[in-house]
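Please look over the sequence and the structure that follow. The text after them goes through selected parts of the chain in turn.

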Amino acid sequence: MVGSTIPKRAFGRFLRGLRERVGASLLTASLQIDTSKQTMVRLEDGLPTKVTTPQLKSLLDLYEVDSDVRREALEMWQDVRQQDKAAKLQGTYKGWWQAYADQYAPHFDHYLRLEATSNHWISHQLVHVPGLLQTSEYRRAIIRAAHADLTEIDVDRRLELAARRQERTLEPDFRMDAVLSEAVLRHRPGGRAVMAAQLRHLAEAGTRDNVSIRVVPFSADTHAGLGILSFTLLEFPLLSCHLKEPPCVYIDGAEGALYLESDRVIERFKTAISSMQRVALSERDTRDLMSDIAKEYAA
């Protein structure tokens, strides 16, 4: 993350708290600073906007904050603005993935921003290998299954995007935990040879210190994962101020996505993860299973 230790998403959450404390609606706030309701939503979600410092001061007037909160808010705002300036100078303001914006759904831009700043990634998958762990040929088969009419150029660009994202897995301060249904190992996108190579790749990735891959076998007893769909839970590093960057659950669907942040929802997903991990194979047994199935596919 470039520059500031106060991400815009955390600051946006802080502003939302001030607005809700006085009972002001998004429409009221947008009218206060002569902008659209959608701009207020983007501001509170930590997404790029053209809100100015005078407009922020006007919002603080509406929220009836005391002098200490006002000073603190303006200091954080300046920190966020410095972060934006540094990012613009380095050419990373919009995110490196913007070069591939024509290759993914609009809602996925927000996920990529979260992924880029997270330091802990937990994924529960029922059908596919998680994107950060897919081989290029496995990924190619998934792309072709969903978009048979794509040109080879577009397919290759999507593979480039996937490869860039996977660079995070090599960073020692990024930790990832994957909890996979055994069904993920049994589906065969691209055929037996492609899946054999994919499973060997998973087995190798699971030996890294910052990567944990565990399979919930078909033989497992009842667990909370049976009542929940595939999802990814993203957690973020501690900030150098009182602000908190909340965890986020991302659920992808054929027609859109959900981003869930409430404490109650996050706790429910964490409980489901713990339940699945209690019945999952150990990391070693998972690697042994993947190796055995890979040999089966390669035979």
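**A walk through the chain**

Trp96 has a relative accessible area of 28%, so it is partly exposed; the term buried stands for under 20% relative accessible area, exposed for over 50%, and partly exposed for what lies in between, with a 1.4 Å probe and protein chains only. This is a predicted model, in which local features need pLDDT of at least 70 and side-chain atom pairs count only at pLDDT 80 or more, while totals for chains, interfaces and linings use all residues. Residues are numbered from 1 along each chain as its sequence is written, and side-chain values use heavy atoms, with hydrogens and water left out.

The charged end of Arg164 sits over the ring of Trp96, at 4.2 Å from the ring centre. For such a case, NZ of Lys or CZ of Arg must be within 6 Å of the ring centre and within 35 degrees of the ring normal.

Aromatic rings also meet each other. A search of the whole structure finds ten aromatic pairs. One of them joins Trp96 and Tyr100: the ring centres are 6.4 Å apart and the planes stand at 80°, so this pair is edge-to-face. The rings of Phe, Tyr and Trp (its six-membered ring) pair if their centres lie within 6.5 Å; planes under 30 degrees apart count as stacked, over 60 as edge-to-face, and the rest as tilted. Tyr100 has a relative accessible area of 11%, which means that it is buried.

Tyr111 and Tyr250 form a tilted aromatic pair, with 4.4 Å from centre to centre and 35° between the planes. This pair links distant parts of the chain, because Tyr111 is in helix 6 (residues 108–117) and Tyr250 is in strand 5, 139 residues apart. Helices (H or I, at least four residues) and strands (E, at least two) are DSSP runs, numbered from the N terminus. Are these two residues buried or exposed? Tyr111 is buried at a relative accessible area of 3%, and Tyr250 counts as buried at 5%. Both residues belong to one aromatic cluster, formed by Tyr104, Phe108, Tyr111, Tyr250 and Tyr259.

Strand 5 leads on to the sheet. Strand 5 (residues 248–253) and strand 6 (residues 256–260) run antiparallel and are joined by five bridges; two strands pair if DSSP finds at least two bridges between them. Ile251 has Leu258 of strand 6 as its bridge partner. Two residues lie between strand 5 and strand 6, and the two strands form a hairpin.

How many strands does the open sheet have, and in what order? The sheet has six strands in the order 3-2-1-4-5-6, and the pairing is mixed. Strand 3 (211–216) and strand 6 stand at the edges with a single partner strand each, so one side of each has no neighbour in the sheet. From one strand to the next, the twist averages 15°. The axes are lines fitted to C-alpha atoms, for helices over the stretch in contact, and angles run from 0 to 180 degrees between N-to-C directions.

Next come some places among the helices. Thr53 lies in helix 4 (residues 53–62) and is buried, with a relative accessible area of 16%. Leaving aside residues up to four places away in sequence, Thr53 touches Trp77, Gln78 and Arg81; contact means heavy atoms within 4.5 Å.

Two loop residues can be read in turn. Asp34 is placed in the loop between helix 2 (26–32) and helix 3 (37–44), and its phi is near 55°, a positive value in a residue other than glycine. Asp34 is exposed, at a relative accessible area of 73%. Glu64 lies in the loop between helix 4 and helix 5 (67–89). Phi of Glu64 is near 55°, again a positive value in a residue other than glycine, and Glu64 is exposed at 62% relative accessible area.

Last comes the chain as a whole. Its secondary structure comes to twelve helices and six strands. The C-alpha trace spans about 70 × 45 × 35 Å along its principal axes. Of the 299 residues in the chain, 48% are buried. Among contacts between residues at least 6 apart in sequence, 72% join residues at least 24 apart.
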